[in-house]
Amino acid sequence: MQIEFNSYIQESDKTDLIQKEVDNFLASERFDFVKTLSDKKYQNQCHTIFERFKDRSHFVQIGIGGSSLGPEMLISALSKNTDRTFHFINNIDPDKTAQQINQINFKDALFYVVSKSGGTAETLASFAIMVNELKSHGVKESELANYFVFASDPSTSQLRELGDDLGITTLDIPTNVGGRFSVLTPVGLLPALFAEIDIEELCRSAFSFGSELSNLDSFKKAVSMILNHHENGYDQTVFMPYSSRLRDLSFWFIQLWAESLGKKDKDGKRVGLTPIPSYGATDQHSQMQLFMEGPLNKVMLLINIKESEHDLKLENQFDHPKLQKLSGFTLKNLMDSEFFGTKKALEEQNVPHIVFNINKLNEENLAKLVIFFEFLTAVTGFCLKIDPFNQPGVEAGKIYSFEWLHNL
Ligand code: PA5
């Protein structure tokens, strides 16, 4: 992965601060989202389940936040399986859930219920609904273990206890790896296997890149550029891969960045970098005008993929000046021209941006992107004097929701 930096402000030297926070982070248990990648236990658990349920043509993941966004992203970026249908029940919208129920072949489905805490209301509600549906298809409670697999914390989880009672296997989400950092644990690895994604290569690449990141100048430069711009009022981060297959990577990044970096610091001061999801070339016709000429308060993270898997000719004989101009080129040529054209225009407008260039979209490179952004999020948070791994701001809302429900 080759990284290019385009900064237009005077940046102060943050080397010492970044090095100190990187060293603290490497020594802490929070670094487990990289360390556990080399522990084959998690991949082996997934292979065992895959062997048992590989005949199922519907894979239904039930989870929310980090228990769904990462898996969704992996499947849309890398899935090689066209025969199996994936369903992500990641919300509690009754209309949408009813629609999804109609699309699931219940007798031929595996339901993967993922909750690190084991107590998330939305996930448990969807679990209860799926059990009711299975029962209406004639499945008895004693047979649920043939349809469900759970994933949760290895020790403190009521979902795991329920699984044990019902004879349902529960995969382990490593204790020190929180939801939004968990895509390369069984949370994402099990659906990835069902989508014929090479999970060994994903973990190998992520572990090897994650182990060397702290020594990479380009990594520290990225942290420094984000921090310096934040100090200068650039408190928004646009995430824009030039790829439809990476559109869900934007939504995965949004949660990672927002939930990790938007909170009160130790002195109660509100801190935050607001992420903006986007993807090219489509959003050139939507948000790009704002990015180009709106307030200079955004740092853009662009992803450019050098080789596409497919390409299509634009050859045509129509009597239309623009169509004639396109003839002789390919769709990939057009995508590249839009990316490089936009980049040149951003330079002219002094919009700061970092470009991540990858050769192609595969397990090796997607794993590098994932681990880079997870690492970047963690170190940026520590440098901003916040805990990037907690989310106290969403707890109050959860408590009030239950209060409201019980007053109905
Ligand atoms: O990143 C996080 O920790 C959260 O977004 C969680 O993923 C989300 O709240 C779901 O939690 P759980 O996996 O415990 O059900």
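Lys-385 counts as partly exposed, at 38% relative accessibility, where partly exposed is the range between buried, under 20% relative accessible area, and exposed, over 50% (1.4 Å probe, protein chains only). Lys-385 sits in the loop between helix H15 (363-383) and helix H16 (395-406), helices and strands being DSSP runs numbered from the N terminus, with at least four residues (H or I) for a helix and at least two (E) for a strand. The model is predicted, so local features need pLDDT of at least 70 and side-chain atom pairs count only at pLDDT 80 or more, while totals for chains, interfaces and linings use all residues. Residues are numbered from 1 along each chain as its sequence is written, and side-chain values use heavy atoms, with hydrogens and water left out.

**Backbone geometry**

- Most residues other than glycine have a negative phi, and most peptide bonds are trans.
- Lys-385 is not a glycine, yet its phi is positive, at about 65°.
- Glu-196 also is a residue other than glycine with a positive phi, near 60°.
- The loop that holds Glu-196 runs between helix H8 (186-194) and helix H9 (199-212).
- Is Glu-196 buried, partly exposed or exposed? Its relative accessibility is 45%, so Glu-196 counts as partly exposed.
- The peptide bond between Gly-280 and Ala-281 is cis, with omega about 0°.
- Ala-281 belongs to the loop between strand S10 (274-277) and helix H12 (288-293).

**Cysteines**

- A disulfide is a covalent bond between the sulfur atoms of two cysteines.
- With a disulfide taken as a pair of cysteine sulfur atoms within 2.5 Å, the count comes to zero.
- Cys-46 is buried, with a relative accessible area of 0%.
- Cys-203 is buried as well, with a relative accessible area of 2%.

**Helix packing: H3 and H9**

- Two packed helices are described by the angle between their axes and the distance between the axes.
- The axes of helix H3 (residues 40-53) and H9 come within 11 Å and cross at roughly 165°; axes are lines fitted to C-alpha atoms, for helices over the stretch in contact, and angles run from 0 to 180 degrees between N-to-C directions.
- H3 is therefore roughly antiparallel to H9, on a scale where angles under 35 degrees count as roughly parallel, over 145 as roughly antiparallel, 65 to 115 as roughly perpendicular and the rest as oblique.
- The crossing of H3 past H9 is right-handed; the near helix is turned from the far one by less than a right angle, clockwise for right-handed and anticlockwise for left-handed.
- H3 contributes Gln-43, Cys-46 and His-47 to the contact, and H9 contributes Ile-199, Glu-200 and Cys-203, with contact meaning heavy atoms within 4.5 Å.
- By class, the H3 and H9 contact has three nonpolar, two polar and one charged residues; Ala, Val, Leu, Ile, Met, Phe, Trp, Tyr, Cys and Pro count as nonpolar, Asp, Glu, Lys and Arg as charged, and the others, Gly among them, as polar.

**Helix packing: H4 and H11**

- Helix H4 (residues 69-78) and helix H11 (residues 247-261) have axes that come within 8 Å and cross at roughly 160°.
- H4 is thus roughly antiparallel to H11.
- H4 passes H11 in a left-handed crossing.
- On the H4 side the contact is made by Leu-69, Gly-70, Glu-72, Met-73 and Ser-76, and on the H11 side by Asp-248, Leu-249, Phe-251, Trp-252 and Gln-255.
- Five nonpolar, three polar and two charged residues make up the contact of H4 with H11.

**Individual residues**

- Thr-97 is placed in helix H5 (residues 94-103) and counts as buried, at 6% relative accessibility.
- Beyond its neighbours within four places in sequence, Thr-97 is in contact with Asn-91, Ile-92 and Met-130.
- Thr-120 lies in the loop between strand S4 (109-114) and helix H6 (121-136) and is buried, with a relative accessible area of 17%.
- With neighbours within four places in sequence left aside, Thr-120 is in contact with Ile-64 and Ser-115.
- Lys-325, in helix H13 (residues 321-326), counts as exposed at 65% relative accessibility.
- From C-alpha to C-alpha, Lys-325 and Leu-314 are 9.5 Å apart in space and eleven residues apart in sequence.
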